[in-house]
Amino acid sequence: MENKKTYILLCFIFLLTLGFRLYFTLQTENFSSDEAYFHLRQIENIIENKNLVFYDDLSYGGRDVIYPPFFHALMAVLSFGQIFLLKIIPEIFLAATVFVVFFVCKSLTQDNLSSLFSTTAFSFIPLFIGETINKLSVYSILIPTIFLLFYFLSDLKRYATHYIIFSFILALTHPIAFLFVIALLFYVLLCLSEEVEISGLKKEAIVFSIVLVLLIQFIFYKKAFLEYGLAIMWQNIPANILADSFRSLTLFESVFYIGIIPLILGIIGIYIGVFQKKNKLSLLISSLILSTFLLLILRLMPITEGLLILGLALAVLSSLTLKTLFNYTQKLRFAKLKIIIPAMIFILIVIFSIWPSYLVIKNVSFLHDQVINDMEWIKENTGKRSVVLANINEGNLITAIAERRNVIDSNFLLAPHPKDRLEDVNLLYSTQIEAKSIELLKKYNINIIYLSEETKNAYNIETLLYYNKDCFQKRRIRIYEFVC
Amino acid sequence: MNLSVKKEFFLIFVLCVVAIALPLVLRYLFVGDYLVGTESYHQLRLAESKIFFYDQFSYGGRYVITELGLPLILSLNSALLSKILPPIIGLLIFTFFYVLIKDLPRNNRIISSVLLIVSPPFIYLSTVLNKYSIAVLIVLLSLLLFKKGKYFASVLLLSVLSLFSVFSAVLFFFLFLIYSRRKKIEKKHILQLLGLDILLLLTQYGYKLYYLGIPKILKFVGLDINVNFLFQNFISDLGGPYGFALFTSILSFIGINYFWRENKRETLFFILVGLVMFILTIFFSQTLFYLNFMVIILASYALVGLTKHVWSSGLIRKMTILVIICGLLFSFVSYEKRLVDSLPNEATEDAVYFLTKIKNNDVVFSHPNKGFWISKAYKKNVMDEEFFYAPNVNERYEDANKLLYTTKLEEASSIINKYNIRYFYMDNNMKDSLYNGREEGLLFLLRYNPNFNLIYKNKEVEIWEIENV
């Protein structure tokens, strides 16, 4: 395929991905996840106070916060805190990842057609879509950075400076930088086992990445390391949530979230890359897959994060399989197969990637305007020192929009007693015993109880089971005030 | 810039003075004029009270087992020596180390010296009053004499080691034995050392051994209150009280390769000794003080090797070395800060003073890590960190743990009566580490049982008295 045509098609894929993302993102003024509001709050703080949040006096009623600052700082600079821009910029970054992926695939295969197919499959992995659309997701920086780093590492003579800069970006963005380091160590092992020579420059770059990631992560997470030791990888998550987030990998989940096309073609791609071509970039991507797979098997990595990385890397390696397949069809005498096979692959990508992605995003529960209105009502009608009870998935909304203290939220690292708090919150929404509920409400100084539709569904209740007019006032449909 | 050896030494010495003085001065300015840690108070009390045989406050009364070298020296002028001894010893350790490694290539020598200065074990030895500082100093001096061929003087010094650390004396007797055989040194020196060691050990412990028998094997590992897992002890950045800096330990592994290239004959012996010390550290964390010198030398080989190595990219070379230096400095600065902020502080001192004022010798219960402070207040403790030869140490440890975590009054009262406990010392450090800030275990009992009266409280410490259990 000609380069000009290829680039036009690549731009088309970019526009298609961006359009798909923006179509869903701009349907609502709100973000789709509670976590997005954690990021929003950090970004707004950088803009307003020109500093990072290390102590959050609203989350858990006051606790230390540690999070690498690059994503928040970049978004603050690019968006000036405009929510509209904060909704669009991450989607542009995520859509633009197609260019990165295309060049990685092209470098792997030297083939435009298979690279374009892989790029399309990459952009529409159901989990990738579900986890990143309208979520102000840190993955918008993380995913392109990881693949760019692998790309730069495969051609360090040209990209040494780029590699250094992006290594800093990765280390300053997310603790997943450790996965990158593990992947590099896997790469060394893989090269040793396959008798592939690693150049001096590459060895140096690997050493640099290891020491850099260790230093930066140690600086940021020192307090957590001292507190939890090696158990830091479980992030202080309460046991019942931990069992769910770090659950074992199953084949069904892999097929469902990654999509059958990238999964099968990617696995074949690993075989071709590692054992046949022994291409350095394919060894690098394979080591990322193997290290992620190992961490998932050992339950040392959250399943969503692991499957996401696994799916994206498999999609990239699927280009090797596609190229082999297309080359093979070229040799066949039946000329029409040269068109039929790519067309079939395209149809399969539509059926097994694009369509499921559409279904996933359609079923993602966007935050309703009524929730945001409730939060704004709380902000305007309650005391500044009020403590608001909400379910764990609404904790960041309480701090970011209502600007009030919450009892619990989903950021557990260094949070005070998240296990106890989660049990108490569950009890507060499910108990019928008034004395117990009042004891717990007083324990956390709670004066506002938020009973959203999501909470009602989660706890299978219609109202507060211990509600009485002596101690509780119904201030709004979903908001109660504790007055005893 | 080519400096003469004297100038080079002087410059690094000044750096050493700054590194040692910095935490002491900052602590004096921002925390107060208090010694760091718990052992320092134990040594000081033994010296001040001239307790050399029977200690009525430790474990409710026991024979003094700790080595008496340091208390004897301190007893000359405890107030002054407790302050100036650690930094002076630190400077001497640095000087002896520098002289010992004089034969190393210049760059290795300079980098080793600087790495020593910024290493947490060295900073600990130079700022905290503890018996190992003098033991390390003696070992270095003895090595220096050994290197100069003055074997008898070296042996004499090594034998004195048992006055400060029996563990070190035993360790270095075996190391001397192995090294002497390797260097084909006359057997008489080994016999001299063995004889002197036995003589001094028998003088110190013979009668105790006769009266008390063989010490009990500990059925627990006495970890520091903030140390949650054994491996933490090795790395100061992970919370070890005097562990290695993270980057120094990584560099030391890389350094093995470079050391091997330059010293093929010595490497195996060096690594084997290092490995033995590493294993010993798991059981005796004080081995870290000696292992630190080996780790530092290996790390210096790594740093020199990395700088000399022909890098394919000058930029990556500069960035890697910069990041490593930042990592070393980060460990150094954060360790110095930890020392400055460490307990005891004004609140602890005030609480200990309050205990001192109580006119009786009743038993005060707390975590074993607070035991030395309690005995410094002339009150009996149930347990402290001197586990060796302690009376019923395993039973006491089990009971102490039960009492710390029980919420049942019956269970608590049986232990309270068993040890005649009258007071409880509870500080924020215990509340955070043992109870995670919750009102659990003993804390719950103290708060909600009317039999316990809060008789003292400041921002850090609470002291409770038992009325009737």
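I take accessible areas from the Shrake-Rupley method with a 1.4 Å probe; for residues, only the protein chains shown count as cover. The model is predicted: I use local features at pLDDT of at least 70 and side-chain atom pairs at pLDDT 80 or more, while totals for chains, interfaces and linings use all residues. Residues are numbered from 1 along each chain as its sequence is written, and side-chain values use heavy atoms, without hydrogens and water.

**Chain B, surface.** I looked up the accessible surface of chain B and got about 21100 Å². Carbon and sulfur atoms hold 64% of that surface. I then checked burial (under 20% relative accessible area, 1.4 Å probe, protein chains only). Of the 469 residues of chain B, 55% are buried.

**Chain B, fold.** I find 20 helices and 7 strands in chain B. These are DSSP runs: H or I of at least four residues for helices, E of at least two for strands. The C-alpha trace spans about 75 × 55 × 40 Å along its principal axes. For contacts I require heavy atoms within 4.5 Å. Of the contacts in chain B with a separation of 6 or more, 69% join residues 24 or more positions apart.

**Interface with chain A.** I see 28 residues of chain B in contact with 24 residues of chain A. The two chains bury about 2200 Å² between them, 77% of it on carbon and sulfur atoms. Ile316(B), Val323(B) and Phe330(B) supply 24% of the area that chain B buries here, more than any other three residues. Buried area is the accessible area (1.4 Å probe) that two parts lose on being put together, summed over both.

Key
Chains are lettered from A and ligands numbered from 1 in the order in which they are written. Buried means under 20% relative accessible area, exposed over 50%, partly exposed in between (1.4 Å probe, protein chains only).
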